[in-house]
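Please look over the model shown here before reading on. The report starts with contacts between charged side chains and then turns to the whole chain.

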Amino acid sequence: MTPVKKVTISLPTEILQVVDEYARSEDQSRSFVIKEAIESYLKEEVERRTVAEAAQIYAQIEKSDRQLSEEFLSISSETLSSLKRKDRDGSTS
């Protein structure tokens with residue numbers, strides 16, 4: 001069994017009533033319901049932060065990809081222009 005520690009928390013009466021009603025309806029203890037709610041909240045918060053961090057990373061990748069594409073297009077354009085000039089001037093590569 002996982003070790004447990006008792007803590008004291010203060011909750012508004014309305015929230016505690018909802019917790020107690022839910023605990024009774026599920027045939028669970030108040031502590032179990034509160035523990036499950038905290039675990040669920042923390043899991044969702046970690047997921048939310050992970051998604052936000054991933055979005056930032058993907059935005060940076062998108063920016064880098066766009067810059068690389070623009071550089072490639074510029075170099076390609078210069079290369080094509082150079083080749084066309086050589087063809088026009090009758091030069092060989």
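## Salt bridges

Six salt bridges turn up in a search of the whole structure; a salt bridge is a side-chain nitrogen of Lys or Arg within 4 Å of a carboxyl oxygen of Asp or Glu. The model is predicted: local features need pLDDT of at least 70, side-chain atom pairs count only at pLDDT 80 or more, and totals for chains, interfaces and linings use all residues. Residues are numbered from 1 along each chain as its sequence is written, and side-chain values use heavy atoms, with hydrogens and water left out.

One of the bridges joins Glu-39 and Lys-35 (3.6 Å, N to O). These two residues are four apart in helix H2, so about one helical turn separates them. Glu-39 is partly exposed at 41% relative accessibility, and Lys-35 is partly exposed at 38%. Here buried means under 20% relative accessible area, exposed over 50%, and partly exposed in between (1.4 Å probe, protein chains only).

Glu-45 forms a salt bridge with Arg-48 (2.6 Å, N to O) and another with Arg-49 (3.2 Å, N to O). Arg-49 and Glu-45 are four residues apart in helix H2, about one turn of the helix. Salt bridges that share partners also link Lys-35, Glu-36 and Glu-39 into one network. Glu-45 itself counts as buried, at 17% relative accessibility.

## Helices and loop

The protein has two helices and zero strands. Both kinds of element are DSSP runs numbered from the N terminus: helices are H or I with at least four residues, strands are E with at least two. Tyr-22 is in helix H1 (residues 13-25) and is partly exposed, with a relative accessible area of 46%.

Asp-27 sits in the loop between H1 and helix H2 (30-89). Its phi is near 55 degrees, a positive value in a residue other than glycine. Most residues other than glycine have a negative phi. Asp-27 is exposed, with a relative accessible area of 69%.

## Overall form

How many Å is the radius of gyration of the protein? The value is 31 Å, whereas a compact globule of 93 residues would have one near 12 Å. The radius is taken over C-alpha atoms, and the globule rule is 2.2 Å times the number of residues to the power 0.38. Along the principal axes, the C-alpha atoms fill a box of roughly 90 × 30 × 25 Å. Buried residues make up 6% of the 93 residues.
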